[in-house]
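Dear colleague,

I am handing over the structure below, and I would be glad if you kept it open while you read the notes that follow.

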Amino acid sequence: MSAAPKPSRHFNPYARLMHWLMVPLVIAMLFIGIGMVATLSPLHQTLLSIHKPLGIAILILVVIRLAVRLTHRTPPLPDDMPRWQRGIAHLSHWVFYALLLAMPLVGWSMLSAGGFPIHLFGPVNLPPILPQDVRLYAFLRAAHTWLALALFATFLAHLGAALFHGLIRRDGVFSSMARGRD
């Protein structure tokens, strides 16, 4: 009998590519969103014209990333990691996916409910996905803001955990996403 293959200590190349492709996009999106709500200058329109297509790009990428996650095994966490930390690590990843899916969908819904066009680039526009309704728009605008704050908090927690594993514990968790060789 042959032994079962040893699980890889690293994420597969597709997962790593999607992760590192999405990192700058999500960071840019968070700062563009903050800039949009913090300015009344003509820069607001420029930021908005970047924000919409970037949100849709993130939506497409997170769907691809979820497909990769569901079809490829993830590397095991260190054996000495407490069970509650493992649970939080797994939960935080699924919260991240949920937020990355929800943010662009809520933004698209919000603009639809507000009756605003969703222009991406050139002649490409997205159709409205909800009927125009000012109360629904107000609710979705607030939800988009709260989800953005939750995404930012989740991002900071994820970054903190990555740095903790990479700089303090040095247990291979950070390198599992940073490099690809066992």
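The lining of the second largest pocket divides into 26 nonpolar, 8 polar and 2 charged residues, where Ala, Val, Leu, Ile, Met, Phe, Trp, Tyr, Cys and Pro count as nonpolar, Asp, Glu, Lys and Arg as charged, and the others, Gly among them, as polar. This is a predicted model, in which local features need pLDDT of at least 70 and side-chain atom pairs count only at pLDDT 80 or more, while totals for chains, interfaces and linings use all residues. Residues are numbered from 1 along each chain as its sequence is written, and side-chain values use heavy atoms, with hydrogens and water left out.

The largest share of that lining, 8 residues, comes from helix H4; helices (H or I, at least four residues) and strands (E, at least two) are DSSP runs, numbered from the N terminus. Helix H1 (13-38), helix H2 (43-71), helix H3 (83-114) and strand E1 (118-121), like helix H4 (134-169), each supply at least two residues of the lining.

Leu-66 belongs to helix H2 and is buried, with a relative accessible area of 15% (buried means under 20%, with a 1.4 Å probe and protein chains only). Leaving aside neighbours within four places in sequence, Leu-66 is in contact (heavy atoms within 4.5 Å) with Trp-94, Tyr-97 and Leu-101. Although Leu-66 and Tyr-97 are 31 residues apart in sequence, their C-alpha atoms lie 7.4 Å apart in space.

Just after H3, Gly-115 takes a positive phi of about 75°.

With best wishes

Definitions and conventions. Buried means under 20% relative accessible area, exposed over 50%, partly exposed in between (1.4 Å probe, protein chains only).
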